[in-house]
Amino acid sequence: MAKSSFQVARLPGFSTVALLAFLALYVPILTLVVYSFNSETTMGNWGEFSWKWYERAWDNQAVKDATLRSLIIASFAAVFSTALATMAALGTTRRRSFKGQTFIYVMINQPLMVPEIVTAVALMILFGLIKTITGVHGLGYLILAHTAFCIPFAYLPIRARLEGMDLTLETAAADLYASPWATFRRVTLPILMPGVIAGLMLAFVVSLDDVVITEFVKSAGQDTLPTYMLGQMRRQLTPEINAISTGLLVITVVLLTAFFLLTRKKD
Amino acid sequence: MSPAEEAQIKQSARNGWLLSLPAIVVLTIAASGPLLIILLYSFLEGGTHGNVVWSFSTEGWSSILWTKDIFTDSYVWADAHLAIFWRSVKLSLMTTLITFVVGFPTAWFIATRPPKARAFWLFLITIPFWTNLLIRTYAINEVIRVEGVLNLALMQLGIIAEPLRLIYTDTAIFIGMAYVYLPLMVLPLFAAIDRFDMRLLEASYDLYASRWHILRKVILPIVKPGIIAGSILVFVPSLGAYVTPRVLGGGKQMMIGNLIELQFGQGKNWPLGAALSLTLLLIVTVALLYYVRVANGEKKHG
(Lines give C-alpha, C1' and ligand atoms only; values in the text may rest on other atoms or scores of the structure.)
Protein backbone atom coordinates (compact mmCIF):
# COMPACT_ATOMS: atom_id res chain seq x y z
CA MET A 1 0.00 0.00 0.00
CA ALA A 2 2.74 2.40 0.96
CA LYS A 3 4.72 1.25 -2.03
CA SER A 4 1.92 1.90 -4.48
CA SER A 5 1.42 5.42 -3.14
CA PHE A 6 5.05 6.24 -3.99
CA GLN A 7 4.37 5.16 -7.56
CA VAL A 8 1.30 7.35 -7.78
CA ALA A 9 3.08 10.30 -6.22
CA ARG A 10 5.66 10.39 -9.00
CA LEU A 11 5.32 13.46 -11.14
CA PRO A 12 7.52 13.64 -14.24
CA GLY A 13 10.51 15.96 -13.99
CA PHE A 14 9.96 16.78 -10.31
CA SER A 15 12.87 14.70 -9.05
CA THR A 16 15.22 16.24 -11.63
CA VAL A 17 14.26 19.77 -10.62
CA ALA A 18 14.62 18.86 -6.93
CA LEU A 19 18.08 17.37 -7.35
CA LEU A 20 19.19 20.38 -9.41
CA ALA A 21 17.84 22.65 -6.65
CA PHE A 22 19.91 20.82 -4.03
CA LEU A 23 22.93 21.09 -6.30
CA ALA A 24 22.33 24.83 -6.72
CA LEU A 25 21.98 25.25 -2.96
CA TYR A 26 25.24 23.51 -2.16
CA VAL A 27 27.62 24.42 -5.02
CA PRO A 28 28.06 28.07 -3.90
CA ILE A 29 28.57 27.08 -0.24
CA LEU A 30 31.09 24.38 -1.19
CA THR A 31 32.87 26.83 -3.51
CA LEU A 32 33.23 29.22 -0.60
CA VAL A 33 34.61 26.48 1.65
CA VAL A 34 37.02 25.08 -0.98
CA TYR A 35 38.50 28.49 -1.79
CA SER A 36 39.13 29.17 1.90
CA PHE A 37 41.94 26.63 1.51
CA ASN A 38 43.46 28.23 -1.58
CA SER A 39 46.97 29.57 -0.94
CA GLU A 40 46.49 32.14 -3.75
CA THR A 41 44.37 35.26 -3.47
CA THR A 42 42.33 35.08 -6.68
CA MET A 43 39.92 32.36 -7.68
CA GLY A 44 41.41 31.80 -11.14
CA ASN A 45 44.64 30.87 -9.47
CA TRP A 46 44.65 27.66 -7.42
CA GLY A 47 47.99 27.43 -5.65
CA GLU A 48 47.92 24.63 -3.14
CA PHE A 49 45.96 23.50 -0.12
CA SER A 50 46.78 25.77 2.79
CA TRP A 51 45.56 26.95 6.21
CA LYS A 52 47.08 30.34 5.50
CA TRP A 53 43.83 32.33 5.53
CA TYR A 54 42.67 30.66 8.74
CA GLU A 55 45.96 31.63 10.36
CA ARG A 56 45.65 35.14 9.04
CA ALA A 57 42.09 35.44 10.40
CA TRP A 58 43.24 33.98 13.72
CA ASP A 59 46.04 36.55 13.98
CA ASN A 60 43.75 39.42 13.02
CA GLN A 61 42.95 41.38 16.19
CA ALA A 62 39.80 42.90 14.64
CA VAL A 63 38.47 39.42 13.84
CA LYS A 64 39.26 38.19 17.36
CA ASP A 65 37.49 41.15 18.95
CA ALA A 66 34.48 40.78 16.67
CA THR A 67 34.24 37.05 17.36
CA LEU A 68 34.40 37.55 21.11
CA ARG A 69 31.78 40.30 20.89
CA SER A 70 29.51 38.09 18.75
CA LEU A 71 29.78 35.24 21.25
CA ILE A 72 29.11 37.48 24.27
CA ILE A 73 26.05 39.06 22.66
CA ALA A 74 24.72 35.72 21.40
CA SER A 75 25.19 34.06 24.80
CA PHE A 76 23.39 36.77 26.74
CA ALA A 77 20.66 37.16 24.14
CA ALA A 78 20.10 33.38 23.97
CA VAL A 79 19.84 32.99 27.75
CA PHE A 80 17.59 36.04 28.24
CA SER A 81 15.31 35.34 25.31
CA THR A 82 14.95 31.66 26.24
CA ALA A 83 14.08 32.53 29.84
CA LEU A 84 11.44 35.02 28.66
CA ALA A 85 10.16 32.64 25.97
CA THR A 86 9.88 29.75 28.45
CA MET A 87 7.74 31.84 30.77
CA ALA A 88 5.60 33.08 27.90
CA ALA A 89 5.19 29.53 26.57
CA LEU A 90 4.07 28.34 30.02
CA GLY A 91 1.68 31.28 30.12
CA THR A 92 0.10 30.69 26.73
CA THR A 93 -0.28 26.90 26.56
CA ARG A 94 -2.18 24.28 28.50
CA ARG A 95 -4.81 26.61 29.85
CA ARG A 96 -8.21 27.82 28.68
CA SER A 97 -7.74 30.46 26.03
CA PHE A 98 -8.02 33.81 27.72
CA LYS A 99 -8.67 37.39 26.72
CA GLY A 100 -5.61 38.96 25.12
CA GLN A 101 -3.98 35.70 24.14
CA THR A 102 -4.02 36.63 20.46
CA PHE A 103 -2.39 39.93 21.37
CA ILE A 104 0.40 38.02 23.16
CA TYR A 105 0.91 35.78 20.10
CA VAL A 106 1.10 38.77 17.78
CA MET A 107 3.56 40.55 20.09
CA ILE A 108 5.81 37.50 20.37
CA ASN A 109 5.86 36.88 16.61
CA GLN A 110 6.10 40.54 15.69
CA PRO A 111 9.89 40.41 15.01
CA LEU A 112 9.20 37.79 12.34
CA MET A 113 6.73 40.04 10.54
CA VAL A 114 8.28 43.51 10.56
CA PRO A 115 11.09 43.92 8.00
CA GLU A 116 14.43 43.92 9.79
CA ILE A 117 15.52 47.18 8.19
CA VAL A 118 12.51 48.97 9.72
CA THR A 119 13.23 47.67 13.24
CA ALA A 120 16.90 48.48 12.70
CA VAL A 121 16.19 52.11 11.84
CA ALA A 122 13.71 52.46 14.71
CA LEU A 123 16.21 51.08 17.23
CA MET A 124 18.99 53.24 15.85
CA ILE A 125 16.89 56.37 16.48
CA LEU A 126 15.64 55.27 19.92
CA PHE A 127 18.97 54.03 21.25
CA GLY A 128 20.71 57.04 19.69
CA LEU A 129 18.46 59.34 21.74
CA ILE A 130 19.10 57.32 24.90
CA LYS A 131 22.84 57.32 24.27
CA THR A 132 22.88 61.10 23.85
CA ILE A 133 20.80 61.72 26.96
CA THR A 134 22.48 59.26 29.32
CA GLY A 135 25.93 59.11 27.75
CA VAL A 136 25.88 55.37 28.39
CA HIS A 137 27.29 53.28 25.57
CA GLY A 138 28.24 49.61 25.72
CA LEU A 139 27.00 46.26 24.55
CA GLY A 140 23.74 46.46 26.54
CA TYR A 141 21.84 47.98 23.61
CA LEU A 142 22.88 45.21 21.25
CA ILE A 143 22.05 42.53 23.83
CA LEU A 144 18.60 44.06 24.40
CA ALA A 145 17.89 44.30 20.66
CA HIS A 146 19.08 40.73 20.06
CA THR A 147 17.07 39.40 23.02
CA ALA A 148 13.90 40.88 21.53
CA PHE A 149 14.22 39.38 18.05
CA CYS A 150 15.38 36.01 19.44
CA ILE A 151 12.23 35.55 21.56
CA PRO A 152 10.00 34.11 18.78
CA PHE A 153 12.72 31.63 17.77
CA ALA A 154 13.19 30.40 21.35
CA TYR A 155 9.41 30.34 21.90
CA LEU A 156 8.68 28.00 18.97
CA PRO A 157 10.32 24.71 20.13
CA ILE A 158 9.37 25.28 23.79
CA ARG A 159 5.73 25.75 22.95
CA ALA A 160 5.78 22.70 20.67
CA ARG A 161 7.24 20.64 23.52
CA LEU A 162 4.64 21.90 26.00
CA GLU A 163 1.76 21.14 23.67
CA GLY A 164 2.94 17.59 23.21
CA MET A 165 3.21 17.08 26.98
CA ASP A 166 1.13 14.63 28.95
CA LEU A 167 -0.95 16.65 31.42
CA THR A 168 -1.72 13.62 33.59
CA LEU A 169 1.85 13.58 34.89
CA GLU A 170 1.35 16.92 36.64
CA THR A 171 -2.03 15.83 37.96
CA ALA A 172 -0.40 12.67 39.31
CA ALA A 173 2.28 14.75 41.04
CA ALA A 174 -0.37 17.00 42.57
CA ASP A 175 -2.33 13.92 43.72
CA LEU A 176 0.80 12.79 45.52
CA TYR A 177 0.79 16.08 47.44
CA ALA A 178 3.64 17.73 45.53
CA SER A 179 3.49 21.52 45.87
CA PRO A 180 2.96 23.45 42.60
CA TRP A 181 6.60 24.55 42.69
CA ALA A 182 7.87 21.00 43.34
CA THR A 183 5.67 19.74 40.49
CA PHE A 184 7.13 22.37 38.18
CA ARG A 185 10.74 21.67 39.18
CA ARG A 186 10.59 17.88 39.36
CA VAL A 187 8.05 17.08 36.63
CA THR A 188 7.35 19.91 34.19
CA LEU A 189 10.86 21.34 33.83
CA PRO A 190 12.69 18.03 33.17
CA ILE A 191 10.17 17.13 30.45
CA LEU A 192 10.41 20.65 29.05
CA MET A 193 14.22 20.68 29.04
CA PRO A 194 14.84 19.42 25.46
CA GLY A 195 12.54 22.19 24.19
CA VAL A 196 14.37 24.79 26.29
CA ILE A 197 17.78 23.65 25.03
CA ALA A 198 16.52 23.63 21.45
CA GLY A 199 15.20 27.16 21.94
CA LEU A 200 18.51 28.23 23.44
CA MET A 201 20.42 26.92 20.42
CA LEU A 202 18.09 28.48 17.84
CA ALA A 203 18.28 31.82 19.63
CA PHE A 204 22.06 31.56 19.75
CA VAL A 205 22.32 30.87 16.00
CA VAL A 206 19.85 33.63 15.14
CA SER A 207 21.75 36.17 17.24
CA LEU A 208 25.10 35.06 15.86
CA ASP A 209 23.82 35.49 12.29
CA ASP A 210 22.25 38.91 12.61
CA VAL A 211 23.58 41.59 10.29
CA VAL A 212 21.02 44.32 9.72
CA ILE A 213 19.88 45.24 13.24
CA THR A 214 23.44 45.01 14.59
CA GLU A 215 24.77 47.18 11.76
CA PHE A 216 22.39 50.01 12.68
CA VAL A 217 22.42 49.69 16.48
CA LYS A 218 26.16 49.28 17.09
CA SER A 219 28.29 52.21 18.19
CA ALA A 220 31.71 52.76 16.65
CA GLY A 221 34.09 49.93 17.47
CA GLN A 222 31.29 47.47 18.27
CA ASP A 223 31.54 45.28 15.21
CA THR A 224 30.28 41.72 15.48
CA LEU A 225 31.66 39.07 13.13
CA PRO A 226 28.91 39.52 10.49
CA THR A 227 29.10 43.33 10.47
CA TYR A 228 32.90 43.12 10.32
CA MET A 229 32.57 40.85 7.28
CA LEU A 230 30.05 43.18 5.65
CA GLY A 231 32.50 46.04 6.10
CA GLN A 232 35.33 43.99 4.60
CA MET A 233 33.25 43.08 1.54
CA ARG A 234 33.07 46.74 0.65
CA ARG A 235 36.85 46.83 0.37
CA GLN A 236 38.61 43.93 -1.24
CA LEU A 237 37.70 40.29 -1.21
CA THR A 238 40.38 37.94 0.10
CA PRO A 239 39.99 34.28 1.04
CA GLU A 240 40.22 35.46 4.66
CA ILE A 241 36.47 36.14 4.44
CA ASN A 242 36.02 32.58 3.16
CA ALA A 243 37.92 31.27 6.17
CA ILE A 244 35.82 33.27 8.65
CA SER A 245 32.62 32.23 6.83
CA THR A 246 33.63 28.59 6.96
CA GLY A 247 34.23 28.91 10.70
CA LEU A 248 30.75 30.37 11.25
CA LEU A 249 29.29 27.72 8.95
CA VAL A 250 30.83 24.94 11.04
CA ILE A 251 29.36 26.39 14.25
CA THR A 252 25.91 26.58 12.62
CA VAL A 253 26.04 23.02 11.27
CA VAL A 254 27.21 21.59 14.61
CA LEU A 255 24.47 23.39 16.56
CA LEU A 256 21.82 22.39 14.01
CA THR A 257 22.83 18.74 14.06
CA ALA A 258 22.59 18.78 17.86
CA PHE A 259 19.21 20.49 17.57
CA PHE A 260 17.92 17.83 15.18
CA LEU A 261 19.09 14.97 17.38
CA LEU A 262 17.56 16.65 20.41
CA THR A 263 14.14 17.25 18.91
CA ARG A 264 13.99 13.84 17.24
CA LYS A 265 14.10 12.04 20.58
CA LYS A 266 10.54 13.18 21.08
CA ASP A 267 9.00 10.63 18.73
CA MET B 1 -20.61 27.41 36.22
CA SER B 2 -19.84 27.50 39.90
CA PRO B 3 -18.16 30.57 41.42
CA ALA B 4 -15.17 28.40 42.31
CA GLU B 5 -14.71 27.37 38.69
CA GLU B 6 -15.08 30.95 37.54
CA ALA B 7 -12.45 32.06 40.01
CA GLN B 8 -10.14 29.35 38.77
CA ILE B 9 -10.53 30.46 35.16
CA LYS B 10 -9.82 34.05 36.17
CA GLN B 11 -6.76 32.92 38.10
CA SER B 12 -5.54 30.92 35.09
CA ALA B 13 -5.90 33.91 32.76
CA ARG B 14 -4.07 36.14 35.24
CA ASN B 15 -1.21 33.65 35.47
CA GLY B 16 -1.09 33.44 31.69
CA TRP B 17 -0.68 37.19 31.48
CA LEU B 18 1.84 37.42 34.30
CA LEU B 19 4.04 34.74 32.76
CA SER B 20 3.95 36.38 29.33
CA LEU B 21 4.48 39.89 30.65
CA PRO B 22 8.32 39.98 30.83
CA ALA B 23 8.59 38.92 27.17
CA ILE B 24 5.95 41.50 26.18
CA VAL B 25 7.82 44.26 28.02
CA VAL B 26 11.13 43.49 26.28
CA LEU B 27 9.42 43.27 22.89
CA THR B 28 7.64 46.58 23.52
CA ILE B 29 10.89 48.32 24.39
CA ALA B 30 13.07 46.85 21.66
CA ALA B 31 10.74 45.83 18.83
CA SER B 32 7.22 47.31 18.67
CA GLY B 33 7.53 50.53 20.63
CA PRO B 34 10.37 52.00 18.59
CA LEU B 35 8.14 51.84 15.50
CA LEU B 36 6.20 54.75 17.00
CA ILE B 37 9.40 56.78 17.02
CA ILE B 38 9.67 56.31 13.27
CA LEU B 39 6.13 57.59 12.90
CA LEU B 40 7.04 60.68 14.93
CA TYR B 41 10.25 61.30 12.97
CA SER B 42 8.50 61.01 9.63
CA PHE B 43 6.52 64.14 10.51
CA LEU B 44 9.48 66.22 11.65
CA GLU B 45 11.74 68.54 9.73
CA GLY B 46 15.10 67.22 8.62
CA GLY B 47 18.27 68.74 10.05
CA THR B 48 20.95 69.94 7.66
CA HIS B 49 23.50 67.47 9.06
CA GLY B 50 21.11 64.58 9.45
CA ASN B 51 18.90 63.94 12.46
CA VAL B 52 15.80 66.11 12.87
CA VAL B 53 14.63 69.54 13.95
CA TRP B 54 11.67 69.38 16.32
CA SER B 55 9.06 71.07 14.18
CA PHE B 56 6.14 69.59 12.26
CA SER B 57 6.56 68.94 8.56
CA THR B 58 5.09 66.64 5.92
CA GLU B 59 8.16 67.05 3.74
CA GLY B 60 9.39 63.53 4.67
CA TRP B 61 6.27 61.97 3.20
CA SER B 62 5.90 64.20 0.17
CA SER B 63 9.54 63.79 -0.81
CA ILE B 64 8.93 60.08 -1.39
CA LEU B 65 7.11 61.13 -4.54
CA TRP B 66 8.23 64.66 -5.31
CA THR B 67 11.48 66.51 -5.04
CA LYS B 68 11.73 70.25 -4.95
CA ASP B 69 13.75 71.66 -7.80
CA ILE B 70 16.01 74.21 -6.09
CA PHE B 71 16.37 76.37 -9.21
CA THR B 72 12.78 76.71 -10.32
CA ASP B 73 11.24 76.11 -6.87
CA SER B 74 8.75 73.70 -8.44
CA TYR B 75 8.04 70.10 -7.59
CA VAL B 76 9.10 67.27 -9.91
CA TRP B 77 8.49 63.54 -9.71
CA ALA B 78 11.18 61.72 -7.71
CA ASP B 79 12.01 59.35 -10.55
CA ALA B 80 14.87 57.73 -8.65
CA HIS B 81 12.63 56.72 -5.75
CA LEU B 82 9.93 55.37 -8.02
CA ALA B 83 12.52 53.37 -9.97
CA ILE B 84 13.81 51.85 -6.72
CA PHE B 85 10.29 50.98 -5.55
CA TRP B 86 9.53 49.44 -8.91
CA ARG B 87 12.79 47.44 -8.84
CA SER B 88 12.04 46.18 -5.32
CA VAL B 89 8.52 45.05 -6.16
CA LYS B 90 9.55 43.54 -9.50
CA LEU B 91 12.53 41.63 -8.09
CA SER B 92 10.52 40.43 -5.07
CA LEU B 93 7.70 39.12 -7.27
CA MET B 94 10.19 37.45 -9.62
CA THR B 95 11.95 35.89 -6.62
CA THR B 96 8.65 34.60 -5.23
CA LEU B 97 7.72 33.12 -8.60
CA ILE B 98 11.03 31.38 -9.30
CA THR B 99 11.34 30.01 -5.76
CA PHE B 100 7.85 28.55 -6.18
CA VAL B 101 8.60 27.01 -9.58
CA VAL B 102 11.77 25.41 -8.21
CA GLY B 103 10.59 24.92 -4.63
CA PHE B 104 7.37 23.06 -5.35
CA PRO B 105 9.01 20.07 -7.09
CA THR B 106 11.70 20.11 -4.39
CA ALA B 107 9.16 20.02 -1.55
CA TRP B 108 7.20 17.33 -3.39
CA PHE B 109 10.36 15.28 -3.83
CA ILE B 110 11.19 15.49 -0.10
CA ALA B 111 7.64 14.70 1.01
CA THR B 112 7.43 11.58 -1.14
CA ARG B 113 10.68 9.98 0.11
CA PRO B 114 10.54 7.09 2.58
CA PRO B 115 10.61 8.42 6.19
CA LYS B 116 14.34 7.92 6.86
CA ALA B 117 15.50 9.48 3.59
CA ARG B 118 12.99 12.27 4.11
CA ALA B 119 14.68 13.35 7.36
CA PHE B 120 17.99 13.49 5.48
CA TRP B 121 16.71 15.64 2.60
CA LEU B 122 14.87 17.88 5.04
CA PHE B 123 18.10 18.37 6.96
CA LEU B 124 19.83 19.34 3.69
CA ILE B 125 17.24 22.11 3.19
CA THR B 126 17.51 23.24 6.79
CA ILE B 127 21.27 23.85 6.74
CA PRO B 128 21.16 26.63 4.14
CA PHE B 129 18.01 27.96 5.87
CA TRP B 130 19.93 28.57 9.10
CA THR B 131 23.24 29.55 7.52
CA ASN B 132 24.05 33.22 7.82
CA LEU B 133 22.37 35.21 5.05
CA LEU B 134 25.53 37.25 4.55
CA ILE B 135 27.60 34.11 4.06
CA ARG B 136 25.14 32.72 1.51
CA THR B 137 25.08 36.03 -0.34
CA TYR B 138 28.86 36.05 -0.35
CA ALA B 139 28.83 32.45 -1.64
CA ILE B 140 26.75 33.60 -4.62
CA ASN B 141 29.19 36.45 -5.12
CA GLU B 142 31.97 33.84 -5.35
CA VAL B 143 30.06 32.13 -8.15
CA ILE B 144 28.86 35.00 -10.31
CA ARG B 145 31.47 37.73 -9.97
CA VAL B 146 33.65 38.59 -12.94
CA GLU B 147 36.51 36.33 -11.84
CA GLY B 148 34.09 33.88 -10.14
CA VAL B 149 33.75 30.14 -10.68
CA LEU B 150 30.87 30.43 -13.16
CA ASN B 151 32.93 32.57 -15.54
CA LEU B 152 36.02 30.42 -14.97
CA ALA B 153 34.07 27.26 -15.81
CA LEU B 154 32.33 28.72 -18.85
CA MET B 155 35.59 30.11 -20.25
CA GLN B 156 37.40 26.86 -19.56
CA LEU B 157 34.72 25.01 -21.51
CA GLY B 158 35.07 27.49 -24.35
CA ILE B 159 31.42 28.56 -24.16
CA ILE B 160 32.28 32.22 -23.68
CA ALA B 161 35.41 34.17 -24.56
CA GLU B 162 34.78 37.17 -22.30
CA PRO B 163 33.59 36.87 -18.70
CA LEU B 164 29.89 37.63 -18.11
CA ARG B 165 29.37 40.87 -16.20
CA LEU B 166 26.53 39.69 -13.99
CA ILE B 167 27.69 41.18 -10.72
CA TYR B 168 26.24 44.57 -9.72
CA THR B 169 23.18 44.14 -11.95
CA ASP B 170 19.50 43.47 -11.21
CA THR B 171 20.08 39.92 -12.45
CA ALA B 172 22.73 39.41 -9.79
CA ILE B 173 20.34 40.58 -7.04
CA PHE B 174 17.61 38.34 -8.47
CA ILE B 175 19.88 35.27 -8.52
CA GLY B 176 21.07 36.06 -4.99
CA MET B 177 17.58 36.52 -3.54
CA ALA B 178 16.25 33.39 -5.26
CA TYR B 179 19.19 31.50 -3.76
CA VAL B 180 18.92 32.81 -0.21
CA TYR B 181 15.11 32.62 0.03
CA LEU B 182 14.52 29.23 -1.66
CA PRO B 183 14.48 27.30 1.67
CA LEU B 184 11.81 29.70 2.99
CA MET B 185 9.57 28.55 0.14
CA VAL B 186 10.38 24.85 0.38
CA LEU B 187 9.71 24.39 4.11
CA PRO B 188 6.04 25.53 4.25
CA LEU B 189 5.34 23.79 0.92
CA PHE B 190 6.78 20.61 2.40
CA ALA B 191 4.57 20.97 5.49
CA ALA B 192 1.48 21.28 3.27
CA ILE B 193 2.39 18.41 0.92
CA ASP B 194 3.26 16.23 3.90
CA ARG B 195 -0.36 16.45 5.06
CA PHE B 196 -1.65 15.71 1.56
CA ASP B 197 -3.48 12.38 1.34
CA MET B 198 -1.79 10.46 -1.47
CA ARG B 199 -4.86 8.22 -1.83
CA LEU B 200 -6.52 11.17 -3.56
CA LEU B 201 -4.04 10.63 -6.39
CA GLU B 202 -5.00 6.98 -6.71
CA ALA B 203 -8.65 8.00 -6.84
CA SER B 204 -7.91 10.58 -9.54
CA TYR B 205 -5.97 8.10 -11.64
CA ASP B 206 -8.82 5.61 -11.28
CA LEU B 207 -11.07 8.30 -12.71
CA TYR B 208 -8.69 8.66 -15.70
CA ALA B 209 -7.39 12.12 -14.83
CA SER B 210 -4.15 13.11 -16.57
CA ARG B 211 -1.08 14.07 -14.49
CA TRP B 212 -1.42 17.69 -15.50
CA HIS B 213 -5.08 17.68 -14.53
CA ILE B 214 -4.30 16.10 -11.17
CA LEU B 215 -1.62 18.67 -10.46
CA ARG B 216 -3.90 21.56 -11.33
CA LYS B 217 -7.25 20.34 -10.04
CA VAL B 218 -6.30 18.17 -7.06
CA ILE B 219 -2.83 18.91 -5.69
CA LEU B 220 -2.49 22.66 -6.06
CA PRO B 221 -5.89 23.59 -4.56
CA ILE B 222 -5.25 21.38 -1.52
CA VAL B 223 -1.73 22.62 -0.80
CA LYS B 224 -2.77 26.24 -1.46
CA PRO B 225 -2.29 27.36 2.19
CA GLY B 226 1.32 26.16 1.96
CA ILE B 227 1.80 28.02 -1.32
CA ILE B 228 0.49 31.24 0.19
CA ALA B 229 2.57 30.82 3.35
CA GLY B 230 5.71 30.20 1.30
CA SER B 231 5.01 33.14 -0.99
CA ILE B 232 4.56 35.49 1.98
CA LEU B 233 7.69 34.15 3.66
CA VAL B 234 9.69 34.87 0.49
CA PHE B 235 7.99 38.09 -0.63
CA VAL B 236 8.17 39.92 2.71
CA PRO B 237 11.92 39.61 3.35
CA SER B 238 12.66 40.10 -0.37
CA LEU B 239 10.88 43.43 -0.35
CA GLY B 240 12.80 44.56 2.72
CA ALA B 241 16.10 43.03 1.57
CA TYR B 242 19.17 45.02 2.52
CA VAL B 243 22.21 42.73 2.63
CA THR B 244 21.73 40.93 -0.70
CA PRO B 245 21.25 44.04 -2.87
CA ARG B 246 24.10 45.75 -1.03
CA VAL B 247 26.59 42.94 -1.66
CA LEU B 248 25.42 41.90 -5.14
CA GLY B 249 24.08 45.26 -6.38
CA GLY B 250 27.25 47.07 -5.38
CA GLY B 251 25.47 50.16 -4.03
CA LYS B 252 24.24 51.25 -7.46
CA GLN B 253 21.30 48.90 -7.96
CA MET B 254 19.43 49.87 -4.78
CA MET B 255 16.31 48.37 -3.29
CA ILE B 256 13.99 50.02 -0.73
CA GLY B 257 16.12 48.77 2.18
CA ASN B 258 19.23 50.43 0.76
CA LEU B 259 17.32 53.62 -0.03
CA ILE B 260 16.23 53.76 3.62
CA GLU B 261 19.80 53.31 4.82
CA LEU B 262 20.99 56.01 2.44
CA GLN B 263 18.64 58.58 4.04
CA PHE B 264 20.16 57.91 7.47
CA GLY B 265 23.70 57.96 6.07
CA GLN B 266 24.96 60.14 3.24
CA GLY B 267 21.46 61.31 2.25
CA LYS B 268 21.03 63.00 5.65
CA ASN B 269 17.26 63.03 5.30
CA TRP B 270 15.92 61.24 8.35
CA PRO B 271 12.23 62.19 7.90
CA LEU B 272 12.30 60.75 4.39
CA GLY B 273 14.03 57.61 5.71
CA ALA B 274 11.35 57.28 8.39
CA ALA B 275 8.54 57.78 5.87
CA LEU B 276 10.09 55.19 3.53
CA SER B 277 10.37 52.71 6.42
CA LEU B 278 6.69 53.13 7.23
CA THR B 279 5.76 52.75 3.56
CA LEU B 280 7.65 49.46 3.47
CA LEU B 281 5.96 48.38 6.70
CA LEU B 282 2.57 49.29 5.22
CA ILE B 283 3.10 47.16 2.10
CA VAL B 284 4.24 44.23 4.24
CA THR B 285 1.23 44.61 6.56
CA VAL B 286 -1.16 44.54 3.60
CA ALA B 287 0.51 41.35 2.34
CA LEU B 288 0.27 39.74 5.79
CA LEU B 289 -3.39 40.73 6.24
CA TYR B 290 -4.14 39.21 2.84
CA TYR B 291 -2.44 36.03 4.03
CA VAL B 292 -4.43 35.92 7.29
CA ARG B 293 -7.69 36.41 5.37
CA VAL B 294 -6.95 33.68 2.86
CA ALA B 295 -5.63 31.30 5.54
CA ASN B 296 -8.74 31.79 7.68
CA GLY B 297 -10.96 31.35 4.64
CA GLU B 298 -9.26 28.02 3.93
CA LYS B 299 -9.87 26.86 7.48
CA LYS B 300 -13.58 27.52 7.17
CA HIS B 301 -13.85 25.51 3.95
CA GLY B 302 -11.68 22.64 5.05
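In the predicted model, the centres of domain 1 and domain 2 of chain A, taken over C-alpha atoms, are separated by 31 Å. The domain assignment of chain A places domain 1 at residues 14-50 and domain 2 at residues 61-264. Six residues from domain 1 of chain A and six residues from domain 2 of chain A take part in the contact between them. On the side of domain 1 of chain A that touches domain 2 of chain A, three residues are nonpolar and three are polar, with no charged residues.

Chain B is likewise assigned two domains, with domain 1 covering residues 1-42 and domain 2 covering residues 77-301. The centres of these domains of chain B, again taken over C-alpha atoms, lie 34 Å apart. Their contact draws on four residues from domain 1 of chain B and six residues from domain 2 of chain B. The side of domain 1 of chain B that touches domain 2 of chain B consists of three nonpolar residues and one polar residue, and no charged residue is present there.

Within chain B, helix α3 (residues 79-111) packs against helix α7 (residues 170-195) at an angle of about 40°, and the axes of the two helices are 6 Å apart. Because angles under 35 degrees count as roughly parallel and those from 65 to 115 as roughly perpendicular, α3(B) is oblique to α7(B). The crossing of α3(B) and α7(B) is right-handed. The contact of α3(B) with α7(B) contains 21 nonpolar residues, together with four polar and three charged residues.

Helix α12 of chain B spans residues 256-264 and is largely enclosed by the rest of the structure, because eight of its nine residues are buried. The buried residues of α12(B) are I256(B), G257(B), N258(B), L259(B), I260(B), E261(B), Q263(B) and F264(B).

Between the chains, 73 residues of chain A are in contact with 69 residues of chain B. Helix α2 of chain A (residues 14-35) supplies 12 residues, the largest share of the side of chain A that touches chain B. By class, this side of chain A comprises 55 nonpolar, 13 polar and five charged residues.

Key:
Residues are numbered from 1 along each chain as its sequence is written. Chains are lettered from A and ligands numbered from 1 in the order in which they are written. This is a predicted model: local features need pLDDT of at least 70, side-chain atom pairs count only at pLDDT 80 or more; totals for chains, interfaces and linings use all residues. Domain bounds come from an automatic or database domain assignment. Two residues are in contact if their C-beta atoms, placed from the backbone, lie within 7 Å. Ala, Val, Leu, Ile, Met, Phe, Trp, Tyr, Cys and Pro count as nonpolar, Asp, Glu, Lys and Arg as charged, and the others, Gly among them, as polar. Axes are lines fitted to C-alpha atoms, for helices over the stretch in contact, and angles run from 0 to 180 degrees between N-to-C directions. Helices (H or I, at least four residues) and strands (E, at least two) are DSSP runs, numbered from the N terminus. Angles under 35 degrees count as roughly parallel, over 145 as roughly antiparallel, 65 to 115 as roughly perpendicular and the rest as oblique. A crossing is left-handed if the near helix is turned anticlockwise from the far one by less than a right angle, and right-handed if clockwise. A residue is buried if 20 or more other C-beta atoms lie within 10 Å of its own, exposed if 12 or fewer, and partly exposed in between; C-beta atoms are placed from the backbone.
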